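Subject: Structure for you to look at

Hello,

Here is the structure I said I would send. Please open it first and then read the notes below it.

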Amino acid sequence: MASEITVAGAGVFGLACAWELLRRGIRVRVFEAARIGAGASGGHVGALAPHAPENWNAKKQVQLEALIAAEGWWTEVAAAGGVDPGYARTGRIQPVPEGSEARMAERVEAARANWPEWAGMEMTDAPQAPLVPLSPSGLWLVDRLTARVSPRRAGAALAAAIIARGGELIEGQAAPDAPAIWATGVAGLAPFGGGGVKGQSALLALDMADAPQVFADGVHIVPHADGTVAIGSTSERDVMDTGTDAQLEVLIDKARALCPALGDAPVVDRWAGIRPRARSRAPIVGPWPGRPGHYVANGGFKIGLAMAPACAGMLADLILEGRDRIPEGFRVPG
């Protein structure tokens, strides 16, 4: 077993892998060609939200286990480095579309079957929260499983934990072409047929730190601990520029219309980035075919913050113990 492992990339996947190895006693060097969180991990939203509980599959099971473990995992990161990642399990509210009441009732039953009891989903006509989206049906789905983390603070917290534990983090320098864990985002997906999807998001100055997040009509509205509310994200296939534009303004207006409580809260930051999307839409984790000693952790797309700890754990088990528990749908394409 190697006593030192190189990690290429300091987005949430690379940093999570580095931290997981360090906490198991392995020395780590992390190379980042730009800066920590320079890609998709530098956005605003940070919704750690489960997929719909019906049509259960291996990907949903991994994500569920990651969401359950997230509180302890991020608490350990914060304690090690002294930086708060902004984690909290605040829950989520979703309006029930008119005419879909029966289907949503089935979703509630699927959550009872597949989620732990404490995480349960329910349908209500009287949600108790300061940030409630308009609902044409007069009904809402609420759950207690959904959590949030501040993406930028999460990156800073992981970096601080890595350094505190004795890891080395080198920004502004690409990793050498040698055995490593490759967590290089969109640029690293090309050999596996993946690509990028642009997303734009915004931060509003509005203090609703303990409010449940909202998911309505494809928009995430996520209150953070620092007195901001994140709104995201657009989804723009095959667009590789990282400038914000009118599509973001439309998204902001849509969020205000969905949640009147956002009012005229000022926009304090706008962001655009390219999220790495594998062909399967699931993350890809494991050995790089044909390159002994090289591993891949990539393709977080819209669920990277939620899945990074789980993917890092699976990869560490494989590298350090030879224990392969990577689901078939997550394996690196040959």
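Which residues touch the most other members of the largest nonpolar core? They are Trp-74 and Ile-181, in a core of 65 residues. A nonpolar core here is a set of buried Ala, Val, Leu, Ile, Met, Phe, Trp, Tyr and Cys residues joined through side-chain atoms within 4.5 Å. Buried means under 20% relative accessible area, with exposed over 50% and partly exposed in between (1.4 Å probe, protein chains only).

Before going on, note that this is a predicted model, in which local features need pLDDT of at least 70 and side-chain atom pairs count only at pLDDT 80 or more, while totals for chains, interfaces and linings use all residues. Residues are numbered from 1 along each chain as its sequence is written, and side-chain values use heavy atoms, with hydrogens and water left out.

H7 supplies the largest share, 13 residues. Another core, of 20 residues, lies apart from this one, and Leu-131 and Ala-202 are among its residues.

Trp-74 itself is in contact (heavy atoms within 4.5 Å) with Pro-85, Tyr-87, Val-149, Ala-154 and Leu-158, leaving aside its neighbours within four places in sequence.

The whole protein has seven helices and 17 strands. Helices (H or I, at least four residues) and strands (E, at least two) are DSSP runs, numbered from the N terminus. Of the 334 residues, 56% count as buried. The radius of gyration, taken over C-alpha atoms, is compared with a globule rule of 2.2 Å times the number of residues to the power 0.38. For 334 residues, a compact globule would have a value near 20 Å, and the protein agrees, with 20 Å. Among contacts between residues at least 6 apart in sequence, 76% join residues at least 24 apart.

Two local points remain. Helix H1 (residues 12-22) is largely enclosed by the rest of the structure, because 11 of its 11 residues are buried. Trp-19 and Glu-20 are among them.

Thr-90 lies in the loop between helix H2 (58-81) and strand E4 (92-95). Thr-90 is buried, because its relative accessible area is 18%. Leaving aside neighbours within four places in sequence, its contacts include Thr-146, Arg-148, Asp-210 and Gln-213.

Regards
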